[in-house]
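Hi,

Here is the structure I said I would pass on.

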Amino acid sequence: MEAAYQHISHGFEPLFDERSRVLVLGSIPSVLSRANAFYYGNPQNRFWRMMAACLDEPFPESNDAKRTMLLGHGIALWDAIASCDIQGSSDASIKNAVPTDLSRIFDVASIEAVLCNGAASGRLYRRHQQARIGLAAEVLPSTSPANAAWSLDRLVERWGAVLRDLGVGPAR
């Protein structure tokens with residue numbers, strides 16, 4: 001049975017500080033992420049495993065360790081949407097999207113690159129925020145379990161290359 005549309009709000013704060021140089025944008029938190037009040041809360045999502053591998057860091061077990069890992073490498077994390085109508089966690093079902101106010105990050109940090117985690121995030125950023133921000137985003141393959149075509153190894157290879165090109169993570 002198809003999930004009913006629900007109007008949801010993001011529910012938690014962006015992750016950034018004044019040293020952040022790269023902004024990773026998702027679309028909007030999944031049902032599990034909203035329940036956990038933190039990014040990529042579905043254990044099947046490969047985001048945290050992929051980032052740890054790309055940054056040559058141990059897997060961060062706690063939300064504090066996740067924050068520390070990203071901020072320590074100059075990475076900010078937020079989503080393109082503040083609120084929308086959505087069915088479950090399906091990005092494909094998003095309607096009536098209200099964008100997040102990215103100026104909250106850009107006013108504090110010198111963001112040099114925007115990386116979108118998946119096509120939906122990229123589409124939403126381009127539609128609602130790119131003209132205001134003035135920075136084109138690089139759309140990378142989604143770390144969602146729904147993106148089964150991309151293995152963890154392939155995600156690490158692709159994301160890692162982009163991060164290294166931006167001077168983030170270990171040199172290889």
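Valine 168 is buried, with a relative accessible area of 6%. Keep in mind that this is a predicted model. Valine 168 sits in the segment after H7. Setting aside neighbours within four places in sequence, valine 168 is in contact with Val22, Leu55, His73, Ile75 and Leu163.

Four strands form an open sheet in the order S3-S2-S6-S7, with parallel pairing. S3 and strand S7 (137-140) are at the edges with a single partner strand each, so one side of each has no neighbour in the sheet. From one strand to the next, the twist averages 25°. S2 and S3 are joined by five bridges in the parallel sense, and leucine 23 has alanine 76 in S3 as its bridge partner.

**The cores**

Leucine 23 turns up again here: the largest nonpolar core has 38 residues, and Leu23, Tyr39, Phe47, Trp48, Met51, Leu70 and Leu77 touch the most other members. Among the elements that supply at least two residues each are strand S2 (22-26), strand S3 (75-79) and helix H7 (152-165). The largest share, six residues, comes from H2. Methionine 51 touches Met69, Leu70, Ile75, Trp159 and Leu163, not counting residues up to four places away in sequence. There is also a second, separate core of eight residues, including Ile8, Ala80, Ile81 and Ile86.

Cheers

Terms used. Residues numbered from 1 in each chain as written. Predicted model: local features only at pLDDT ≥ 70, side-chain atom pairs only at ≥ 80, totals over all residues. Heavy atoms only, no water. Core = buried A, V, L, I, M, F, W, Y, C linked by side-chain atoms within 4.5 Å. Buried < 20%, exposed > 50% of the residue type's maximum accessible area, 1.4 Å probe, protein only. Contact = heavy atoms within 4.5 Å. Pairing = 2+ DSSP bridges. Axes fitted to C-alpha atoms, helices over the stretch in contact; angles between N-to-C directions.
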